[in-house]
Amino acid sequence: MADFIRGTVSGDVTEVPGIGPAAAKKLACGEGDEKVTNTYQLIGKFLMLKGPDEDGNKVESMEHCEKFWYWLQDKGISAHRSAIVKAVACKVNGLFPGVYDPDLYDDDDE
């Protein structure tokens, strides 16, 4: 995971820890904004879920990560969801500090 967080993004969605060929295929299913075929789109989806909630309130770190986790579940990702969320959240937090608060989560390597 550390290599992904510190490294450059190649665009290959399988570079994200927890995403293998089967998960990549599931992410690529769908239409329009629901179809994710590269790492940039996956990060974009993560950031889209940070937007205000239905009442216009700020989405805090815990809720944001939960929304992404459930979006992955809806896409059919059944394994390593928490690892994928953590990897993307940590990567994005390096680009946009404050987006993710790792202190809110247990430090268990999944």
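This is a predicted model: local features need pLDDT of at least 70, side-chain atom pairs count only at pLDDT 80 or more; totals for chains, interfaces and linings use all residues.
Visitor: Which residues of the largest nonpolar core touch the most other members?

Guide: In soluble globular proteins, nonpolar side chains tend to be buried together. A nonpolar core is here a set of buried Ala, Val, Leu, Ile, Met, Phe, Trp, Tyr and Cys residues joined through side-chain atoms within 4.5 Å, where buried means under 20% relative accessible area, exposed over 50% and partly exposed in between, with a 1.4 Å probe and protein chains only. The largest such core has 26 residues, of which Ile19, Leu27, Leu42, Phe68 and Val88 touch the most other members. The elements giving two or more residues to this core are α2 (21-27), α3 (39-48), α4 (61-74) and α5 (81-95), and α5 gives the most, with seven residues. Helices are DSSP runs (H or I, at least four residues), and strands are likewise runs (E, at least two), numbered from the N terminus.

Visitor: How many of the residues of α5 are buried, and what covers them?

Guide: In α5, 11 of the 15 residues are buried, among them Arg81, Ile84, Val88 and Lys91, and what covers the buried residues includes α1 (2-6), α3 and α4. The expected span of a helix is 1.5 Å times one less than its number of residues; for the 15 residues of α5 this gives 21 Å, which agrees with the 21 Å between its end C-alpha atoms.

Visitor: At what angle do the axes of α4 and α5 cross, and which residues make the contact?

Guide: Axes are lines fitted to C-alpha atoms, for helices over the stretch in contact, and angles run from 0 to 180 degrees between N-to-C directions. The axes of α4 and α5 come within 9 Å and cross at roughly 130°. Angles under 35 degrees count as roughly parallel, over 145 as roughly antiparallel, 65 to 115 as roughly perpendicular and the rest as oblique, and α4 and α5 are therefore oblique to each other. Contact means heavy atoms within 4.5 Å, and the residues making it include Cys65, Phe68 and Leu72 of α4 together with Ile84, Val85 and Val88 of α5.

Visitor: Where is Phe46, and is it buried or exposed?

Guide: Phe46 is found in helix α3 and, at 0% relative accessibility, counts as buried. Phe46 touches His64, Cys65, Phe68, Val88, Ala89, Val92 and Val99, not counting residues up to four places away in sequence. The C-alpha atoms of Phe46 and His64 are separated by 8.1 Å, although the two residues are 18 residues apart along the chain. Where α3 meets α4, Leu42, Lys45, Phe46 and Leu47 face His64, Cys65, Phe68 and Trp71 in contact.

Visitor: What is the phi of His80, and where is this residue found?

Guide: Most residues other than glycine have a negative phi. His80 has a phi near 65°, a positive value in a residue other than glycine. His80 is found in the loop between α4 and α5 and, at 47% relative accessibility, counts as partly exposed.

Methods. Residues are numbered from 1 along each chain as its sequence is written. Side-chain values use heavy atoms; hydrogens and water are left out.
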